[in-house]
Amino acid sequence: MSDNVRELRPKPTDTEKITINLGYVDLGHVDLMVQEGFYSNRTDFIRTAIRNQLERHADVLKRSTARKGLDLGLRNFSREELEAARRAGEMLHINVLGLATIAQDVTPELARATIASVSVLGALHASPAVKAALADRTR
């Protein structure tokens, strides 16, 4: 029965890995907080610290997001959407805070013909060829 199950669309990951460098004393403090049971692990501590800082600056972030006209969250750009833009003679300006995805069936030529600029605060998922084609339009 499981041979008949097919994934129609791969589920995008909802996280992105980052690397940080901490001094030994700061790292020791994090480990102590974990050891004392305040956090389940280092990642839990770091996520909580980041969320607390973002919450602390929520008003500024909201105003900046609105001022910059950013799409917030997950934004997918399909081949159909880009082909419709090309037919209409429109160029897209991608401005996303979160995750922007350009569908895997979008060719580099279609991307260049329809995307004028790319600004993503977060992560951009696209084929390596499409990313290369848009490199001069990405900030």
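The protein chain contains 6 helices and 3 strands, where helices (H or I, at least four residues) and strands (E, at least two) are DSSP runs numbered from the N terminus. Along the sequence, these elements follow the pattern α-α-α-β-α-β-α-β-α.

This is a predicted model, in which local features need pLDDT of at least 70 and side-chain atom pairs count only at pLDDT 80 or more, while totals for chains, interfaces and linings use all residues. Residues are numbered from 1 along each chain as its sequence is written, and side-chain values use heavy atoms, with hydrogens and water left out.

The overall dimensions of the chain are as follows.

| Property of the protein chain | Value |
|---|---|
| Radius of gyration | 20 Å |
| Span of the C-alpha trace along the principal axes | about 60 × 50 × 25 Å |

The radius of gyration is taken over C-alpha atoms, and the globule rule is 2.2 Å times the number of residues to the power 0.38.

Of the 139 residues, 23% count as buried, that is, under 20% relative accessible area with a 1.4 Å probe and protein chains only. Among contacts with a separation of 6 or more, 55% come from residues 24 or more positions apart; contact means heavy atoms within 4.5 Å.

Asn 95 illustrates the local detail. Asn 95 belongs to strand S2 (residues 92-102) and counts as buried because its relative accessibility is 18%. Beyond its neighbours within four places in sequence, Asn 95 contacts Gly 69, Leu 70, Asp 71, Ser 119 and Arg 139.

Key. Buried < 20%, exposed > 50% of the residue type's maximum accessible area, 1.4 Å probe, protein only.
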